[in-house]
Amino acid sequence: MDGMFFIIALGAAAAGFVQGLSGFAFGMVAMSFWAWVLEPRDAAVLTVFGSLLGQVLSAITVRRGFALAKLLPFILGGLAGIPLGVLLLPHLDMAWFKALLGGMLVLWCPVMLLSARLPRLARGGQVADGAVGLAGGVMGGLGGFTGTLPTLWCTLRGYPKDEQRSVIQNFNLSMLAVTMATYLGTGMVTRSMLPLFAIVAPAMLIPSLLGSRLYIGISEARFRQIVLGLLCLSGVALLVSSVPVLLQRAG
């Protein structure tokens, strides 16, 4: 039991630092630790709790670049997309979904890393931003992937790092708050999880603040590299979890 608590704390600390630095990716990092010691349902609830707490800390400590007019289409689209994703979930082949999304990230993100001269997407305006928010909300309802497409989209848009972080940070904060409220309302959060919450919260606090402090000093180019690198790693993690399942089916 002590070993389990140590792994939970270690995962929370690592994920808190990465989220503080990049504004997202808590779940990807934490689940790489917690998947070994927690049941999937408990891990999902703990991930949403830690992600939400990290986003609240980041919103307090990193407040640069906030622009409500730019953020609002993403949030409105995301709020509309979450229930749609929940409705689609029973009818979706999750293995194929993860494989296709992971493949896209693994192929596209290195291209963007290697080519800093890719043209920025300037068309579509707020309608396109809202559509991407909708897609992010749907993906959140399907499996908690709220930030993946909006993060990639903001990078394609060529937003300055403070604007990009502000959009992703506050979009994820909104989506996670809705998700956590849903978990509470449906009884997914139980009393047995409270000791785990009490481990995650202090374990991630200082690393998250350190990550936020480090973010302030990094350049635009370095931030782009960190974001695309984390998205690529997210794609690898999705492929690792889905390809063996598909191969087993084929065999």
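Q: Leaving aside neighbours within four places in sequence, which residues is N170 in contact with?
A: With those neighbours set aside, N170 is in contact with F66, L71 and I75, where contact means heavy atoms within 4.5 Å. This is a predicted model: local features need pLDDT of at least 70, side-chain atom pairs count only at pLDDT 80 or more, and totals for chains, interfaces and linings use all residues. Residues are numbered from 1 along each chain as its sequence is written, and side-chain values use heavy atoms, leaving out hydrogens and water.

Q: Is N170 buried or exposed?
A: N170 counts as buried because its relative accessibility is 15%; buried means under 20% relative accessible area, exposed over 50% and partly exposed in between, with a 1.4 Å probe and protein chains only.

Q: Where is N170 found?
A: N170 is in helix α8, residues 161-185; helices are DSSP runs of H or I with at least four residues, numbered from the N terminus. A polar atom of the N170 side chain lies 2.7 Å from the backbone oxygen of S166.

Q: Turning to α4, which residues are buried there?
A: L71, P73, F74, I75, G77, G78, G81, I82 and G85 are buried in α4.

Q: Where does the kink in α4 lie?
A: A kink of about 25° lies at G81, shortly before the proline P83; the bend is the angle between axes fitted to the seven residues ending at a residue and the seven starting there.

Q: And how many residues does α4 have?
A: Helix α4, residues 68-88, has 21 residues. From first C-alpha to last, α4 reaches 30 Å, close to the 30 Å expected at 1.5 Å a residue, taken as 1.5 Å times one less than the number of residues.

Conventions. Helices (H or I, at least four residues) and strands (E, at least two) are DSSP runs, numbered from the N terminus. A polar contact is a pair of N or O atoms within 3.5 Å; within protein, one must be able to donate a hydrogen and the other to accept it, and residues adjacent in sequence count only if both atoms are side-chain atoms.
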